[in-house]
Amino acid sequence: MQQIQVKENEAGQRLDKLLGKYLSEAPKSFLYKMLRKKNITLNGKKATGNEKLCVGDEVKLFLSDETIAKFSKRESFTCTRETLDILYEDEHILLINKPVGMLSQKANEHDVSAVEHLISYLISTKQLTEEELSTFRPSVCNRLDRNTSGILVAGKSLVGLQELSRMFKDRSLAKYYLTIVTGKIEQASVIKGYLSKDEKTNKVTILDTPKGDATMIETQYRPIKVGEHSTLLEVHLITGKTHQIRAHLSSIGHPIYGDFKYGNKKINEKIKENYNLKHQLLHSYRIVFPKLTDDLESLSEREFQAPLPRQFQIIAEKEGVL
């Protein structure tokens, strides 16, 4: 027999969801059968699985150690040594200033991403144990391209993850980027279109009208300073799709500095020669939270900023746009 004492990060979810994480290799039919036969109980009583868990609830599994081991996928976690640039932290969320080159989330099984660095940080500071990873896994809630720097928003608790996911879904959390584009942009604007992604090439195309699986996108921008050959833009990402800012700005004739995927190769080669820039110059520099209550009330209508990377700052100064 094994017992699970429900903690804050397991509370608020249904019992069958918790069991599905704890016995991740077991068929759902097996879990419901064990509940019917009272081989799995909640607070000493028969349960159906749809009960909403509270802190302090006791889940008992009257199963052999062999059965539990068979249906449990307990992966060992190896802590990383990466030092995170933490912009803000409380009991529910953590804001990370991601450097160029760091993955937001794993693309392949053996990748090491910001999620692994986050979990390592929480374990090393004793805010999380490896045992707790079987039923709860902290994670980042937004994705930045590997070579895009700036603010990653992470949930440390179940409440944090749920609330952040809601904000990203309903677009109430405002996200702003800084970038340098080729050419002069004198006026602020909102551009709309449709984005179609080629999974094989991991490249997107911007369309004027809907076609196939293309999804509607909306990007707002305003020039901060106009130089002789370039413009420093603040971009407000209204919708959030893969490569949206990069492809959308390129589609109107103002590709991002260093963006070899969507930009002009000849111009980018010149930029690379001048500044040794090997990636797109795009930085997620500011987020603004909506009005919030309850657990995240302390974040209500607050704004956070991530400082520019040194290379970005140097290029902006030399281009005369900072």
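This is a predicted model: local features need pLDDT of at least 70, side-chain atom pairs count only at pLDDT 80 or more; totals for chains, interfaces and linings use all residues.
Close-up 1. Residues are numbered from 1 along each chain as its sequence is written, and side-chain values use heavy atoms, with hydrogens and water left out. Here helix H1 (residues 15–22) packs with helix H2 (residues 28–36) at an angle of about 120°, their axes lying 10 Å apart. H1 and H2 are therefore oblique to each other. The axes are lines fitted to C-alpha atoms over the stretch in contact, and angles run from 0 to 180 degrees between N-to-C directions. Helices (H or I, at least four residues) and strands (E, at least two) are DSSP runs, numbered from the N terminus.

**Close-up 2. Residues between H1 and H2.** On the H1 side you will find Leu15, Asp16, Leu19 and Gly20, and on the H2 side Leu31, Tyr32 and Leu35; contact means heavy atoms within 4.5 Å. Sorted by class, this contact has 5 nonpolar, 1 polar and 1 charged residues (Ala, Val, Leu, Ile, Met, Phe, Trp, Tyr, Cys and Pro count as nonpolar, Asp, Glu, Lys and Arg as charged, and the others, Gly among them, as polar).

Close-up 3. Look for Thr48 in the loop between strand S3 (45–46) and strand S4 (58–61). Leaving aside residues up to four places away in sequence, Thr48 touches Tyr32 and Leu35. Both of these also belong to the H2 side of the helix contact.

**Close-up 4. The ring cluster of Tyr88, Phe289 and Phe304.** Ring pairs join Tyr88, Phe289 and Phe304 into a cluster. Rings of Phe, Tyr and Trp (its six-membered ring) pair if their centres lie within 6.5 Å; planes under 30 degrees apart count as stacked, over 60 as edge-to-face and the rest as tilted. The whole structure holds 3 aromatic pairs. One of them, Tyr88 with Phe304, is tilted, at 4.9 Å centre to centre and 45° between the planes. Tyr88 sits in strand S5 (residues 86–89) and Phe304 in strand S15 (residues 303–305), so this pair ties together parts 216 residues apart in sequence. Phe289 and Phe304 have ring centres 6.0 Å apart and planes at 90°, so their pair is edge-to-face. Tyr88 is buried, at 14% relative accessible area, and Phe304 is buried at 9% (buried means under 20%, exposed over 50%, partly exposed in between, with a 1.4 Å probe and protein chains only). Phe289 is buried too.

How values were computed: Angles under 35 degrees count as roughly parallel, over 145 as roughly antiparallel, 65 to 115 as roughly perpendicular and the rest as oblique.
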